[in-house]
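Here are my notes, written to be read with the model open beside you. Could you go through them point by point and check each against your own viewer?

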Amino acid sequence: MNRREYIVAAGVGLAGTVAGCSGQSETGNGGDGATDDSTESGTTAAESTATANTESTGSGYSVSMEPVGEVTFESAPEVWVANNGSWADMGIALGLDAPEGVWLPSRYHTQYYDEIPGVSVDGSSIQKLWGDSGVGKEQFYEIDADIHVMDPNFLQSRGSWEQSDIDEIESQIAPFFGNSIFSTGYEWHDYTYYTLYEAFENLSRAFQRTDRFEAFQSLHEEFQTSLDDIVPDSNSDRPEVAIMWAGSDEPTSFSPYLIEDGTSFKQWRDLRVRDAFAKTDVRDFHSDRSKVDFEALLEIDPEYLLLRGQENKTRSEFEDTVVSFLESDQTGSELTAVQNGNVYRGGPLYQGPITNLVLTERAASQVYDVERELFDRQRIADIVAGDL
């Protein structure tokens, strides 16, 4: 593809979408980082506004998505970068090579692909785009991608970019095409939030691989049906969980997350767990960088502790470090979840269609003691390979 031959539709771009930016930096234990009984399917009630439109033109095709508006491509992109593991995983599901770069490769947990035959990603080959001082434009010139799969507003609100920087990269290299979907906790994000599968469909249209998306959508619908047989009908019979960031081996202070509509919590929404923080005064980490300690947790005393920031550990490594510490701590050991052995890794900040299946199956084993496979690994491999 000629990397300069695209058009961002005039008047549809970013001008009206950045007024609410907060200017916060991407630091803190939680990183960039009320329970809903509904599950996420490939469509939602907001489908008419949230799903991208694709139109063929005489010189290519155009795809629309908020906040970037309509983008016209001469041909399908090849070289690409992504903001995080959510969009990166969507690309792998579409059969693409791994992105050349992501914000933080350490948070793109490619070990999940070990579950899928024939699918692998070498995380060490992916360039880190987010450094100590944010994101530098020179990296975009160096990679010279055909498409930047990331929300440009995130670069402005969290990466200290100006609109002129966005305009420069689009005019000199390639368009931005993305939406920050992992969390709904950012005040500056005052436009459509896409579900995982709405975002996935948008990306499949940009890369002209909608057949793989449709195959994954069917597999996902079957998977959702299997979850119906696992989740108790009564809300009172579902486990109460506390999801927190705990980035060290000996955590005594935690960054709390309330289960919301971002893709980051999809497995927990689909399993319809109860949020231990929902009816308390605890604020979500994204809203005010709040913390909770053992004393605060003892007052709430959730049935399960689901700790983020631990995905680079295996289950046994997590148990030998974090769980062992909690069991030996004078106050932490009083928590019901610790006493009952219900402390688990809580999943990553980012997940796409493949990793979501892996993580949801793992979560089902954690909170519902499900010990069987809930999806067909070989079917995923076949879809990725284009064997539809």
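**Notes on the model**

1. Let's start with the rings. There are 21 aromatic pairs by the rule used here, which takes rings of Phe, Tyr and Trp (its six-membered ring) with centres within 6.5 Å, and calls planes under 30 degrees apart stacked, over 60 edge-to-face and the rest tilted. The rings of Phe154 and Trp188 are an edge-to-face pair, because their planes stand at 70° with the centres 6.0 Å apart. That pair ties distant parts of the chain together, 34 residues apart: Phe154 belongs to helix α4 (residues 152-157), and Trp188 to the loop between α5 (163-172) and α6. Helices here are DSSP runs of H or I with at least four residues, strands are runs of E with at least two, and both are numbered from the N terminus.

2. A word on provenance before going on. This is a predicted model, where local features need pLDDT of at least 70 and side-chain atom pairs count only at pLDDT 80 or more, while totals for chains, interfaces and linings use all residues. Residues are numbered from 1 along each chain as its sequence is written, and side-chain values use heavy atoms, leaving out hydrogens and water.

3. Are Phe154 and Trp188 buried or exposed? Both are buried, a label for under 20% relative accessible area, with exposed meaning over 50% and partly exposed in between (1.4 Å probe, protein chains only). Phe182 and Tyr186 make another edge-to-face pair, with 6.0 Å from centre to centre and 70° between the planes. Phe182 has a relative accessible area of 3%, so it is buried; Tyr186 counts as buried too, at 3%.

4. Now the helix packing. Two packed helices are described by the angle between their axes and the distance between the axes. Helix α6 (residues 196-206) packs on helix α7 (residues 210-228) at about 160°, with the axes 8 Å apart. That makes α6 roughly antiparallel to α7. Axes are lines fitted to C-alpha atoms, for helices over the stretch in contact, and angles run from 0 to 180 degrees between N-to-C directions. Under 35 degrees counts as roughly parallel, over 145 as roughly antiparallel, 65 to 115 as roughly perpendicular and the rest as oblique.

5. Which residues of α6 and α7 meet? On the α6 side they are Tyr197, Phe200, Glu201, Ser204 and Arg205, and on the α7 side Thr210, Phe213, Phe216, Gln217 and His220, with contact meaning heavy atoms within 4.5 Å. The residues of this contact of α6 with α7 split into four nonpolar, four polar and two charged. For the classes, Ala, Val, Leu, Ile, Met, Phe, Trp, Tyr, Cys and Pro are nonpolar, Asp, Glu, Lys and Arg are charged, and the others, Gly among them, are polar.

6. Helix α2 (residues 85-93) and helix α13 (residues 353-368) have axes that come within 6 Å and cross at roughly 105°. That makes α2 roughly perpendicular to α13. Asp89, Met90, Ile92 and Ala93 of α2 make the contact with Pro353, Ile354 and Thr355 of α13. Here the contact residues come out as five nonpolar, one polar and one charged.

7. Leu307 is worth a click. This residue of strand β15 (residues 304-308) is buried, at 0% relative accessible area. Leaving aside residues up to four places away in sequence, Leu307 touches Met244, Ala246, Phe254, Phe318, Val322, Leu326, Val343, Tyr344, Arg345 and Gly346.

8. Most residues other than glycine have a negative phi, and most peptide bonds are trans. Glu66 and Pro67 are joined by a cis peptide bond, with omega about 5°; Pro67 is in the loop between β3 (60-65) and β4 (69-73). Asp301 has a positive phi of about 50° and is partly exposed, at 26% relative accessible area. Asp369, in the loop between α13 and α14 (377-385), also has a positive phi, near 60°, and counts as exposed at 59%.
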